[in-house]
Amino acid sequence: MKIAVSSSGPGLDASVDPRFGRCRYFVLTDPATAEWETLENENATSGGGAGIRTAQLIIDRGVGVVITGNCGPNAYQTLAAAGVELVTGASGRVQDALEAYRNGELAPTSQANVGAHYGTSGGRGIGRTRAAAPSPSGRASTEDPLTELATQLRALSREIEGLHRRLDKIEGNET
């Protein structure tokens with residue numbers, strides 16, 4: 001099973017790109033062999049539908065897990081339909097994100113974490129360093145601080161669960 005990490009540049013030392021559909025590159029790794037390769041995202045500058053086309057690109061490469069900063073609803077649905085696990089909230093270097101995933105510090109998500117068109121000049125937040133929280137309608141909203149706080153709390157809870165799993169593994173308390 002391959003793992004793909006959205007990346008702002010080629011290689012393991014590049015930064016995780018916070019955008020899935022419009023990231024410049026993906027670093028694809030095979031945990032079984034520790035081999036990796038860089039894949040340029042041909043959809044990074046395309047018009048509408050970049051998330052879906054990028055998801056299909058990843059699926060066609062045999063990826064089983066995607067690690068990224070943010071992922072919109074259309075790309076999420078495409079990945080989920082193909083059985084690809086999605087991990088959002090990654091940041092830092094690609095190598096660090098991979099290590100955090102292996103250590104259980106990054107947990108899979110069951111939904112998109114930004115609204116449609118996040119990361120486009122006509123959408124919600126090109127150049128932002130963090131995503132606006134999704135509202136109940138599924139669209140990103142910076143106007144609802146309660147929703148934003150609830151989303152942040154859920155993300156922190158997932159991170160804490162991952163840390164507990166890692167601690168149990170280190171202490172030998174795995175079940």
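Buried means under 20% relative accessible area, exposed over 50%, and partly exposed in between, computed with a 1.4 Å probe on protein chains only. This is a predicted model: local features need pLDDT of at least 70, side-chain atom pairs count only at pLDDT 80 or more, and totals for chains, interfaces and linings use all residues. Residues are numbered from 1 along each chain as its sequence is written, and side-chain values use heavy atoms, with hydrogens and water left out. Helices (H or I, at least four residues) and strands (E, at least two) are DSSP runs, numbered from the N terminus.

**Salt bridges**

- The structure holds 4 salt bridges, each defined as a side-chain nitrogen of Lys or Arg within 4 Å of a carboxyl oxygen of Asp or Glu.
- R93 and D13 meet through their side chains at 2.5 Å, N to O.
- R93 is partly exposed at 33% relative accessibility, whereas D13 is exposed at 60%.
- R93 also forms a salt bridge with D96, where the closest N and O atoms are 3.0 Å apart. D96 is partly exposed, at 35%. Through shared partners, D13, R93 and D96 are joined into one network.
- R61 pairs with E37 in another of the salt bridges, the closest N and O atoms being 2.9 Å apart. Because R61 lies in the loop between α1 and β4 and E37 in strand β3 (residues 35-40), the pair ties together parts that are 24 residues apart in sequence.
- Both partners are partly exposed: R61 has a relative accessible area of 28%, and E37 has one of 33%.

**Buried polar residues**

- S6, in strand β1 (residues 2-7), is buried at 0% relative accessibility.
- The side chain of S6 makes a polar contact of 2.7 Å with the side chain of T68; such a contact is a pair of N or O atoms within 3.5 Å, where within protein one must be able to donate a hydrogen and the other to accept it, and residues adjacent in sequence count only if both atoms are side-chain atoms.
- A polar atom of the S6 side chain also lies 2.7 Å from the backbone oxygen of D17.
- Not counting residues up to four places away in sequence, S6 touches residues including V16, C23, F26, I67 and V94, contact meaning heavy atoms within 4.5 Å.
- N70 sits in the loop between β4 (63-67) and α2 (73-81) and is buried, with a relative accessible area of 6%. N70 and D17 are 53 residues apart in sequence and 8.7 Å apart in space, C-alpha to C-alpha.

**Nonpolar cores**

- A nonpolar core is a set of buried Ala, Val, Leu, Ile, Met, Phe, Trp, Tyr and Cys residues joined through side-chain atoms within 4.5 Å.
- The largest has 18 residues, of which F20, F26, L28, I58, V66, C71 and L79 touch the most other members. Two or more residues of this core come from each of β2 (25-30), α1 (50-60), β4 and α2.
- Apart from this core lies another, of 15 residues, among them V27, A90, L98 and Y101.

**Helix α3**

- V94, A97, L98, A100 and Y101 are buried in α3 (residues 94-102). They cover an arc of only 160° around the axis, which puts them on the same side of α3; the arc is that of the directions from the helix axis to the C-beta atoms.
- The buried residues of α3 pack against β1, β2, β4 and β5 (85-87).
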